[in-house]
Amino acid sequence: MASWSGDPLYLFVGVSTAGSSIHRAFPVWAPVLAPGSTLRGIDVPESAPAETFRRLLTAMRGNPRVHGAVITSHKLRLYRAAAELFDHIDPLAQITHEVNCVDSRHGLRGFARDPQSLDLVLDEMFGSAVAEREFVCLGAGGSATALLLAMRVDLPASLQAGRAIPRAGRGPVLRIVGRRQSSLDEIDGVRERAGLPAGSVELVLAEDTPAVDRVVAGSAENAVVMNATGLGKTSPGSPLSDPSAFPAGALAWDFNYRGPLTFLEQARSAGTAVEDGWDYFLAGWSAALCTIRTAELTDETFGKVKRASRELRP
């Protein structure tokens, strides 16, 4: 990377990047999101020391042909290891303590754009009717954090003001279900840093699958039940064991878009409507690449990406 002299280079930083579908998708998206550029994967083990991330950022800063990076598996690790190396960290990254994309063309600028991605998808899926649904998020990791901010923070106003600005009104019911209290505590820390009241999200500890089943079964009719755990993609299985737990009129939304998608198979067997994570995947990369280019992610741009990606969908 330090000696790269070809087309403008975008990096994809993960644990095992070679098998990702992004390598097929990027050439299709590039004319819309990153014209004339090349993507390369950078594999960093989960056990990598902080110095690895610092060397990565230093090398990016030192080569003007490297325009930026999209971070998948190491958002928290990168922030914790090297936050002080950035010339600018956007307010959402300061709130979440995550960096999911880096612009290295203008110094080093770190951003958290997952909330923006989910906000875009929520608007397309539900529009103004989002307030009429109850949302139950199974999993208390990065996607749950993004969901909290997408639903409770006025993102455009916050990015313009440089600080979190809560949305007006109460908004839809939001319940985040986690297996570990420490994960729920981290999300509560994000809530607090965003200046949101304690009642803005219900954090539920469910330490085993039967407990998750009970939470889902107790949800309101027409609830949106989301799998944000990774189960059914990177690991086998589902956070749910009993398909009959889905309430009447529910929507099962899996943030995964490939793999066995066991959670969605359970929902289909129960006659529950389903949605996978394909549009969330597209929105996540679109938001990150537009941010690196200092371009606005508009509905028109996202529409172009979706149309260009039709043949790529698993």
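## Helix H5 against helix H11

In this predicted model, helix H5 (residues 114-126) packs on helix H11 (residues 278-292) at an angle of about 130 degrees. Their axes lie 8 Å apart. Angles over 145 degrees count as roughly antiparallel and 65 to 115 as roughly perpendicular; H5 and H11 are therefore oblique to each other. The crossing of H5 past H11 is right-handed.

From H5, the contact uses Asp114, Gln116, Ser117, Leu118, Leu120 and Val121. Facing them in H11 are Asp279, Tyr280, Ala283, Gly284, Ala287 and Thr291. By class, the residues of this H5 and H11 contact are six nonpolar, four polar and two charged.

## Helix H6 against helix H8

H6 packs with helix H8 (residues 181-193) at an angle of about 30 degrees. The axes of H6 and H8 are 10 Å apart. Angles under 35 degrees count as roughly parallel, and H6 and H8 are therefore roughly parallel to each other. H6 passes H8 in a crossing that is right-handed.

H6 brings Ala144, Thr145, Leu148 and Leu149 to the contact. H8 answers with Ile187, Val190 and Arg191. Five residues of the contact of H6 with H8 are nonpolar, one is polar and one is charged.

## The cavity

The count gives one cavity of 30 Å³ or more. The largest cavity holds about 50 Å³ of space. Its lining consists of Thr96, Glu98, Asn100, Ala112, Arg113, Asp114, Pro115, Gly142, Thr145 and Ala146.

H5 and helix H6 (142-152) are the elements that give two or more residues to this lining. H6 gives the most, with three residues.

Asp114 lines the largest cavity and belongs to the contact of H5 with H11. Thr145 lines the largest cavity and belongs to the contact of H6 with H8.

## The second largest pocket

The second largest pocket has a volume of about 560 Å³. It is lined by 21 residues. Closest to the centre of this pocket are Gln116, Pro156, Leu159, Glu296 and Leu297. Gln116 is also one of the H5 residues that meet H11.

Strand S6 (109-111), H5, helix H7 (155-161) and H11 each give two or more residues to the lining of the second largest pocket. By class, the lining of this pocket has nine nonpolar, five polar and seven charged residues.

Note on methods. Residues are numbered from 1 along each chain as its sequence is written. This is a predicted model: local features need pLDDT of at least 70, side-chain atom pairs count only at pLDDT 80 or more; totals for chains, interfaces and linings use all residues. Side-chain values use heavy atoms; hydrogens and water are left out. Axes are lines fitted to C-alpha atoms, for helices over the stretch in contact, and angles run from 0 to 180 degrees between N-to-C directions. Helices (H or I, at least four residues) and strands (E, at least two) are DSSP runs, numbered from the N terminus. A crossing is left-handed if the near helix is turned anticlockwise from the far one by less than a right angle, and right-handed if clockwise. Contact means heavy atoms within 4.5 Å. Ala, Val, Leu, Ile, Met, Phe, Trp, Tyr, Cys and Pro count as nonpolar, Asp, Glu, Lys and Arg as charged, and the others, Gly among them, as polar. On a 1 Å grid over the protein atoms alone, a cavity is a set of points where a 1.4 Å probe fits but cannot get out, and a pocket is an open set with protein on both sides within 12 Å along at least five of seven lines; lining residues have an atom within 4 Å of a point. Grid points are joined across faces, edges and corners, and a volume is the space filled by probe spheres set on the points.
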